[in-house]
Each structure stands twice: as structure tokens, then as C-alpha cells.
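Okay, thanks for coming, everyone. Let me put the structure up and then walk you through a few parts of it.

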Amino acid sequence: MLKRSIVLIVLIALCAGGTTPASHAQSDGGLRVLALEAAQAPVDAWTAAFAEASGVSVTVEYAPASEAILDRAAEADVMILDDFEAEPPIAFECGFVSRAYRLLPDLGARFLASNSCAGSMGPLDEAAQALVTFMAGPDGQQIAIDLGLLPATVEIVDQAGEAVSVPQPVRRIASPYSIATYYVYGVGAGNRLVAAGYLGARDPAGAEAMRRLDPNFDTVMNAVSTLNQQEANIEELAALQPDLLLASARTDWLDAAGELGLPVIRFEGESPERLKDAMTLIGAVLGPDAAYRAELFNAYYDGTLAEILAQTETIEPRARVLFSGTEPLRVASGEMYQTAMVEAAGGEPVTADLSGYWNDVNLEQVAIWNPEVIFYPPYGGANREAFTESEEWAIIPAVQAGRVYGLPKLAAPWDTPVPDSILGILWIAETLYPDQVTLDCTAEVHAFYNLFYDYAITEDEVQGLCP
Amino acid sequence: MIRTLNRRLPGVWATAERRQSALYWLIMLLPLPLAIYTIGLGRYAIPTEDVVRALVDYVTAGENTSTQPDLAYNIVTRIRLPRIAAALVIGANLAVTGTAFQGIFRNPLVDSNILGVTSGAGFGAALALLLLRSSFEVQLFAFVFGLVAVMLSYFTSRLYHTAPLLVLTLVGILVGSFFSSLTSLLKYVADPLDTLPAITYWLMGGLTDVTRGDIPALAIISLGGMAFLWGVRWRLNVLSMGDNEALALGLNPTRLKLMIIVCSTLMTAMAVSVGGVIGWVGLVIPHAARTLVGPDHQRLIPSTMALGAVFLLLIDTMSRTLLPAEVPLGVFTGVVGVPLLLVILRVNKTGWR
């Protein structure tokens, strides 16, 4: 998985750095699609609908097998094939091959942006991207449903144990659960959100970052006047005509929302396994490409965890870690995601025996735990000075050694069960064991936001995120 | 006055008087040894001789002079001592203001929160947490808004010219509810991830965050207020008989009540600004003391201070020692205080009837 990331970064670097103009000739200004013969029915329907909607002419050429398509990749703007994960044997001086999009369970597409220099895409490249996202999005899914290639309803069991039946495709998502919002971005469906809460994006820095990640952020965030775990303005919500509601398993107002007759998925992702389950669930109901991205995410999560583990499992003794919350003496219980993160990163969470949510403790108890490292979260006004400038905390070894660290965030805090938390684990491992852990945080951050938020993160942003 | 009456009465009254007198001195002697004992208790096990050495060092040299680890010295002097001092002072403070209020309102159901001081302080703290976040400003806002709420209650009630005590009680409840609603409004607009937990945490009350720096202001205002209430203890007896008796005995009940209200409010606001909302002490302790030593404020005022100090000290000691995670103080005072009050009301032979 790391290799995949590096390839992507190299491609982006090529794209950004190259200056040579287009390498292959344009035909008539229309899009050229190379597609698998076996998929002729959906491809014809997709391209016809796209041409009609966008006014871009599309020529489709069919080939009997994926190998032939890959070999002729240089001639095409869009490839539709079954072996969509294979990298085409082509390298642009000034362009890139897009990531793979899944259109049907066994069919995928890539576009080839051959005229994209220094980060800006040529008009034909943009059209090629539009065609692929059209096919992979709800419109394409609807066409596939009409052809009988995809189910019209998806049945799942959510994390509250309720069976939910979700009519397909889902075009408009309302996510009062401010953690689930990031699941939606993680599977590439952020543009389908019509109303959402955003964890960690109410402070100016978080909001600014979220605006860069999604230009529609302010509209979506303010679409409904009241929308959170405790309450929602149901009528304003209904007026937005969402197809799907994403809620916390602990949300209170669902009975009223249930009267709208909307499918509601309830999440509870407070552990690595449950986070991955949540991603699988959201992928399952948002179409084949979202399901594919959820698979990619889970594989990325497992892969990165395994790499961290490979470097930390032999480290002895383990660093004793206290994960503090919005107040210095509020600490994360053993059931919380923060504790699981510390364990995954090779630390020894001193509060592992506590149960429930955040626990209030006293400093004597902290002295017994004797932590060598203290982490605090990027919200709630938690800050380093609360520890380092307190004469009471000066008796704690972590404070004496200056090993008090705040977890970073871009928009979503890295210590909460959002997709970004895998970077949080990596960050904790690097912070705990700077000499032993040699993973490249910078590269992973670039790769992660590209893969799961379709966002090219800037150097300035990375500066603030890596140790 | 009641004591003089009692002295002249033979038999049952004299026996009760002797019993109450003995209990009174027992209660007054309780806080100090208990406080010294609880210094030795805590999650972090420190041998008794080290505790003693730390205390001796603290008193004589002001720093750690022995060979024992600094950690034990710091825990005893920087964590346990301030917290125990705060528990004693706040407990005494809340209990004695409760007694004073019950006396002047002639109502066994009130405590010093009746004029909205706690709700006002809660609102002030929430406002500061929402806007400013520094712990000094949170305390300052809590203190100031506690006073503001009481002033609002007092001056609003002056607008009505009937049954002043009843109106004052009613307006106090209304002002308290008003500030509670404002606090709810602040909680509603607060970021559920950032500010809301901080506000909830503050409102639950607790002495976890008490440090040495909190003690001087708390001690000065509380001890000053206690001295004043002790000074007016016999006048409280007169006030609790009603305004007409007070006038007949040459007191100005309105002015005296105002002074007691101002003093008690300053004290309660100070206690709340340090320890958050700690309920029940001001209601349960006066009743307990009245059962034990009788309704005469000569004894009632000192013994409620001592009992309040002991009660909060015991509760806070449980809260900080029982479990790794602290049980919120407000929860404990309710869980212990309510059954206690029910028992007291059952056995109560003196005082309110």
C-alpha cells in the first residue's frame, strides 16, 4: 500500500513539475473511450447519457480484453475495463493516469489526463474526468440499475444492529453525525452531502481547512439551522429531501426523523475494527465506487497499522502514555478510540483499565500512573501550557521531560474515529519513538489526503501536521 | 436567650441541654484531627512517617529537606493540603450560609442558593468558558455573576410591597431559573466537542483542580464572612422569630437581613467559583446541626461550620480515594446528603415544627 502511495506521489510530482505539452494528438475534440466489449450495454448507455447531458462528443472503441485496452492506453482519454487496478504501461511527461474508479462489481474506469501541467487540467482532461465521475456517481449507478446490473435496493445491518434497506442510488445525504460526515468524504462522496455536522470545523482553523477540502463546506454546514446528535430541525431537514440520514447510535431524535420514512444508518465507530466496519457500511450504500474506496481505505488502514507494528512491536520498554482531554485531568478511558490508537502505535496507555467515556481523575492518580508521555487533543482549548506551566503537574515525569504533545488535525481531529485517525496513529508512533520508527509521515499525509479526500495537500499544511 | 430559658427549666429540658452541650463540643473538636488524618489518605500510597515529615518540613522550612522523594512531599503539600483546606473552608462556608438563610427566611427549605447565586455563578462560568477560557476569568465571572443574580433578586423583590420574605423567595427562584435558562442557552450554542464538555464539567462541581493559588481569596472571604455571621449569631435568633419581635427588641431587621444576605452571597459565590456547584451541604448540614445542638444560633452557627467542613471533607476524601476516576462531588453530596436529610427529618425533635 505504501508503494501505491509513492507511485501516486511520483505521478503528482511529474504532473506538477513537467512542462512539456501534450504527448498525444487530439482527434476531433471529443472524448475517446476504450472499453471492454463485454460491457458494451452499460458503456453505450453511460456515454450516450453523458454526451447528452454535457454536450461533449464521445467516441467509444471496444476491445475484447483488458490487456488490449491497457496496451493502447495512450490512444484513449478514458479506459473502461475489468482489470481496472492494473497500472497502464504509460508515463506522461506532463499528465497523469487517474486513480481507478469502480463502476460495476467487476468493471472499472480510469481517465488519462494527458494535458495537465503544473496542477491545472486541460479542458479535454476535465471532460474525461467528468465522464468517469458521471459513470461512477449516482447517475451512472441509476443507468446500471435500469439495465439490471446493480440492485435497486441495498440491505445492510447498521452498527446499532438495525436492518436498514437503502434505495439506490443515494444522491442526497444528510449527516447530523459529525464523525460520519468524514466517512462520506473518505469514500469520495462528499459532493453528495446536503446537510452535515463537521467535527472540529467550528473553530476558524478547522473551518478554513474544511473550506479548502470542500468548497461547498459552508453551504452544507449551514443548510439546516439545527442539526447535531442531540437535536435536529426535522422540517428543515425534510425540505432538503435527503435520501439517507447518517446518525450516531446515540442520537436522540431519530424517532421523529423516522416519521419521515427515510433510511437511517446508525454508526458507532469507537475502535479500529468498528471504524473499518463503518467505512464498509457507508461504502455499501453509496454505490460500487464508494464500496471500492471503502475497501481501499480498510486495506490502507490495515497496511499502515502493520507497518507501524512491524517497527514498534520489538520496542521495550513501552512508553507509558496518558491521553488527556479537554481538561488536563480528564482522561480517555480504556474503551475510547484514543486508547486503542496509543496501543496500536506501540505505547502503553496508562488509563486502559478505566471504562466509559472521558474520566475525571486527580493528580495523585496520575502520579501513580507515572506517564512518560502525555497527549492532548486538538480541541476543547486543550493546550501544552496547562501541563508545562502548572507547578502541580511538574511532579509528573512526562512534564519534567517536556514530553507533552498535542495531536494535530487538518479539519477532523486526528484522535477521533474518522478516516484521518490512521495518520494519528502514525503520528503517535513517530512521536513516541522518533529514533526507532522510520515511517514517512509527510509522504503518508500527502498520499492519504489524495486517496481519500481527493485533495492535494499543501506543504504548509503538512508542516503543521507531521512531528 | 433560649439558653437562659432552658437553664431555668428542670427535668427533661436540662437533660437535653446537657446532651446538646456535650455534642456541641464534640462537633467543634472534630474537624482538625479528621483533616490531619485525611492528609495521609490518597490514591498514591505514602507511608505515614513520610507524610508527617513532609508536613513538618512544610511548616518549618517551607521546602523538602529530608531524603524522601520530592514526589511525596509535592503530593502532600501541593495536591492534598490545598484540596483538604478547600474542602474544609467550602463545606463550612456553604453550611453556615445555609443556616443563616434558613434563619432569616424562617424557612427550613432554603439554602444560600435561594436567591440564585449558584445559577448566576454557573452562567458566569459558562460565559467565560465560551468566550475567554482562562481559569482566572472563569472564577472571576462566576463570582461576579453570582453577585449579579442575587442583586437582581433582591432589588426586583423590592418593587413589590407585599410579604417581603415570600416575594424575595419567589423572585429568587425566578432569577435562578432565568440564569439556568441562560446557561442552557450557552450550552446550546457551545461547540459539543470544545466548550460544552468544559461547561458541563464545571457545573458538576469538584475540587480536583484546586491549587494553592486558589486558597488565599477563598479563605479570606470565607473566614471573614464566617466571623461576621458568628458576630451576629444572637441577632439571628431574634430575626428567626419574625420582624415584629426584632423591631420590638430594637433591631432594624431589613438592614440586618441585607447585611447577612450580602455577606452570605459573597461567601457562596466565592465557594462556587472555586468548587463549582456543590449541592445539599447548605440544606442538610443546618438540619443535622439543629438536631444535634438545638436551634439556638449561639451554638448552631459554629457547629454548622464544623459539621459542614467535616461533611465535605469526608465526601471529598471518598471522591478522591475510592476509584481511579473521580466521582463528581455533586453526585456524592446528593447520594449521601438526601438519605441523611430523610433520617434527620424523622428523628428531629427540636427546631422546626
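Predicted model: local features only at pLDDT ≥ 70, side-chain atom pairs only at ≥ 80, totals over all residues.

Residues are numbered from 1 along each chain as its sequence is written, and chains are lettered from A and ligands numbered from 1 in the order in which they are written.

We have 25 residues of chain A in contact with 25 residues of chain B, where contact means C-beta atoms, placed from the backbone, within 7 Å. Which element of chain A gives the most to that side? That's helix 14 of chain A, with five residues. Helices here are DSSP runs of H or I, at least four residues, strands are runs of E, at least two, and both are numbered from the N terminus. By class, chain A's side has nine nonpolar, eight polar and eight charged residues. For those classes, Ala, Val, Leu, Ile, Met, Phe, Trp, Tyr, Cys and Pro count as nonpolar, Asp, Glu, Lys and Arg as charged, and the others, Gly among them, as polar.

Next, the sheet. In chain A, four strands make an open sheet, ordered 15-13-17-18, with parallel pairing; strands pair if DSSP finds at least two bridges between them. Strand 15 and strand 18 of chain A are the edges. Strand 17 of chain A is joined to strand 18 of chain A by three bridges, and A:Ile374 sits opposite A:Val404 in strand 18 of chain A.

Now one residue, A:Val194, in strand 10 of chain A.

Last, over to chain B. Helix 6 and helix 8 of chain B pack at about 20°, with axes 8 Å apart. Axes are lines fitted to C-alpha atoms, for helices over the stretch in contact, and angles run from 0 to 180 degrees between N-to-C directions. The contact includes B:Phe123 of helix 6 of chain B and B:Phe179 of helix 8 of chain B.

How values were computed:
Contact = placed C-beta atoms within 7 Å.
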